[in-house]
Amino acid sequence: MGILLQTIVAGLLKGGLYALIGIGMTLIMGVMGIINLAHGQMMMVAMYIAYVLNTMGVDPYFSLLVAMPTLFLLGVLIQKYLLNPLIKVDTILPENQVLMTVGIGMVLTEVIRFIFKSDYKYVTTSYSSATFFLGGISFNVPLTIAFFIALAFTAAMFWFLIKTDLGRSIRATAQDKDAATLMGINTGRITVVTMGLGAALVAAAGCLLAPVYYIFPDLGGPFTAKAFVITILGGLGSTVGAILGGITLGMAESLGATYLGMEYEDIVGLAIFVAVLLFLPGGFKRLTKV
Amino acid sequence: MRAYPKGLLTVAVLLLAVVLCGGVMAAENVKVGIVLPLTGAQAKFGEIEKRSFEMAAEEINAAGGIKGSKLELLFEDDTGKPDVGRAATEKLISRDKVTVLTGGYSSAVTQAATAVAQQFKVPFLVTTGSADEITEKGYDYIFRINPTSSEYFDPFETLIQKAGGIKTMALLYENTQFGQSSAKDVEGAAKSAGIQVVVKEGYQAGAIDFKPILSKVKGAKPDIIYMVSYVMDAALLMAQCKELDINPKMFAGGGAGFTLPEFQQKAAAAADLVYSATLWSEDVPYKGAKEYFNKFKKKYNSETEYHGAEAYGSMYVVADALKRAKSFSPNDIRDALAATDMMTAFGPVKFISYGKKTQQNKLPNTFVVQWQKGKMETVWPEAFAKKKYIFPTPAWKDRK
Amino acid sequence: MKKTPVAAIVAVAALALLPLVLADNYFLHLLILFLIWVIIGSSWNIMAGYTGQVSFGHAAFFGTGAYTAGLFVMHGGFSAWWGMAFGGVAAMLLGLPFGAICFPLRGAYFALASLALNLILMHLATIAERFTGGMQGIMIMPTFVSKVPYYYITLGMAVATLVVVQSIIRSKWGYYFVSIREDQDAAESLGIDTNRYKNVSLAVSAFFTGTAGALYMNYMGFIDPHVVFSLHDYSVMAILVAIVGGVGTIYGPAVGAFIMVGLQELFRSGFFGLFKYLGDRTGSETFTQAMEVVQHAHVLVFGILVVVVILFLPNGIVGDWGKIRKSVFRSKPAA
């Protein structure tokens, strides 16, 4: 029983972080209809920002305030100068934008490797492995904080998408780009803002992950993979779906690790992904309707 | 745009020139080809080894070189990939015409590179690649200075016996060549020592959260947790063992990550009292070990560890064989290497056959170290111990 | 472009005669790598470039082919050359059910499913230690010491791949493929069984990629799951080879393969030793440092190349050849 509870708690806390990674991706996928295969790499960049600030004595939670705007800017620049120009170009493959994100991901990884080498870096905090116990179950403090911050960000995103003009424009663009354009929405600008927001959100995830993990240039790839699994689980463009998707993935990985074996951790996530693609195309969004 | 074709032409001509005159370099030197990962994820160790090779070669050249000629090192980057390593080895042999090869970091690259060397009959002294198979193929041009991965656990067997009270083991290992083969060997060794393996789990390097598997370990209450992990996974494993309040009698690392300073820095207090197997430390009782460590530190202003010592030792072994060889023909060098019997900073080197292995160096001792108060101390075998080992490991909450 | 261009025939003839003039193992090795990439790039291209089904997981087929060859040795004690006969078939057998299940998914979903297939196989091959040897990999002693036999085998396969791709593209199938890529709904309304032809293109693609994998096993003599199922080194590289050369063109992947293999070696070796040579000659540290910078930049260059190609030559070097020629030609008188 203790093992089961501990596994569930571990999965839930990790799931919160996954949700935050997924929200950014789901926004981008929903609005632009492309998968951003540089998503994890953007998180990696944010983690390096947290690392550099940390060497100057800044707490990773405060580095959120620097990393998020920086990544917002990076996302905006990428969308504006690298992705949007492709829409106008006549090409054989519509996937050119996706392929472009692969190239961007490589450039981000290699530029970081160039600057910081391949060495493992880590953020030192006094609370990295701080824990509290509830009924014999251990809770990692930074992961618990990350979980609640992730929830807060999701709530904020939800409110933003429902209540603000910009948010409504984003949703309109996600639903029907042509109609949105006809309604006078500058969809070019919307895609730019969305990419910026997506990047900022994954930057937040990176800063929250930094105290409990470590940092190296190649960490982007696996997280990109997780991000698209979450997004497909949750349904494109659905913030609530992303939360459910993130937590599902976190739980599935944890339960799989405990009851199947840790080496199956990644396979479980991928298997769920394939199952959802086949049996529940559209993801949890089909069930939750938001 | 205007100067574009012209620029392109210049580059092409330059390239052609380089390709053509690449071969006509100074010929009086003895060329030693070295295959190492200089870029990519393993570059950190590639760098340490490269510096150690260079330092050794400088010393040898300063002391008169090889029969009047100087050692010239030709490094090739294998980027950690077997196919690139193979190409690099081929280039060293057929274009650079090296007399002897050394290096070889990851097992995968080393396997590919040694196969090439064997085919072309150029002697190759393996420095680091630790898969048992490398010297089990009967390749007569391949020699290996480092012990194989199955030998890392050896000193623990005697230590466990001496310490007593260890009956069950949890075995966690990364799913890499090193991890999987170590796990197999450790499991076998544990069984024959009468220790029951209660949990045996592999994992993908780079996991965020080991708590699911660790809670299973906690439930099984093993006396020893033996982990084969690379540095950051090692740090996370220990930190999370502390978080989950897991208290075996002994935390042990199977080399790889547990001896690096970064492990201790990242895991901080959780690293304390963790044991690890190691092949070498600056305290080993071999002539030149301490000097090598200090010289490296002075020259490069950074620390070295056992990989560096392997490289440093390899260079001296190669130089020694070249000096003794009747000529610089591959066959004579091979014979000279086979007759090697010398002491290096890494330890005594003599290539022998045992088990299925041929031309394999066997170190008389591998060591167990323990982190004590933030410092790594050699604690086993007793004859070489700098500090007494602390056993059993006290529970987390009883530590200060 | 209806007939096989003279340039292609000349190129093949030149390649066939090359070992007679240049017996240098190192160059032959690079050429073999280049030819292997011609095979993989062309295979990817027939499915993605012509049929529009972008795969992010071609390493799944490559690895399956390589492991077929390896497992023949490991379990049966047979020669790894049997893999050349069965590796492609095994990859096809993997591809067909995958296609049957996943082709109803469109666009990005299909791409993601192929990526997942790739990763799942990589993990399974790692875990199934008893069956695959796990991360210890499979090692064989290559049959030939000389590169020349490998060179001709690879050249033969590369030519065969190009000929088959070309004849398929010019056949009825080719038109079906392109019509699926251009507008799947329109193709269906014309009575084309789109799923069937997607599977045909997948089968051809998987077959050649798998055979290339088996060839790799024979030639390299060593495989492990992270080598042959590598997302980065095979799945992504296959895409890069095709888009740099030209998606949906017959000779594009060959051009792309030449550029990518050449660039990788150029940077890895520090411009074929140029910097080291200059450094040794002048005794200047600057060149040695420059070499390190260049070596560390080799993947970065790939990334930048992709970004630049997609941005300025979205149809690749072959696809946008007219554009390139025009801009180069225009600048010629001034230069």
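How many salt bridges does the rule find across the interface of chain A and chain C?

Analyst: Across the interface of chain A and chain C, zero salt bridges are found, a salt bridge being a side-chain nitrogen of Lys or Arg within 4 Å of a carboxyl oxygen of Asp or Glu. This is a predicted model, in which local features need pLDDT of at least 70 and side-chain atom pairs count only at pLDDT 80 or more, while totals for chains, interfaces and linings use all residues. Residues are numbered from 1 along each chain as its sequence is written, chains are lettered from A and ligands numbered from 1 in the order in which they are written, and side-chain values use heavy atoms, with hydrogens and water left out.

Helix 4 of chain A provides the largest share of the side that touches chain C, twelve residues. Helices are DSSP runs of H or I with at least four residues, numbered from the N terminus. Chain A and chain C bury about 3500 Å² between them, 84% of it on carbon and sulfur atoms. Buried area is the accessible area (1.4 Å probe) that two parts lose on being put together, summed over both. In chain A, the residues that lose the most area to chain C are A:Ile92, A:Leu99 and A:Met106, together 18% of what that side buries.

Turning to chain C and chain B, the two bury about 4300 Å² between them, with 60% of it on carbon and sulfur atoms. Of the area that chain C buries here, C:Gln136, C:Met139 and C:Arg268 supply 17%, more than any other three residues. Two salt bridges are counted between these chains, and one pair whose side chains meet in a salt bridge is B:Glu90 with C:Lys147 (2.2 Å, N to O).

B:Gln111, in helix 4 (residues 107-120) of chain B, is buried because its relative accessible area is 2%, buried meaning under 20% (1.4 Å probe, protein chains only). Among the residues that B:Gln111 touches are C:Gln136, C:Met139 and C:Phe222, not counting residues up to four places away in sequence; contact means heavy atoms within 4.5 Å.

Methods: Helices (H or I, at least four residues) and strands (E, at least two) are DSSP runs, numbered from the N terminus. Buried means under 20% relative accessible area, exposed over 50%, partly exposed in between (1.4 Å probe, protein chains only).
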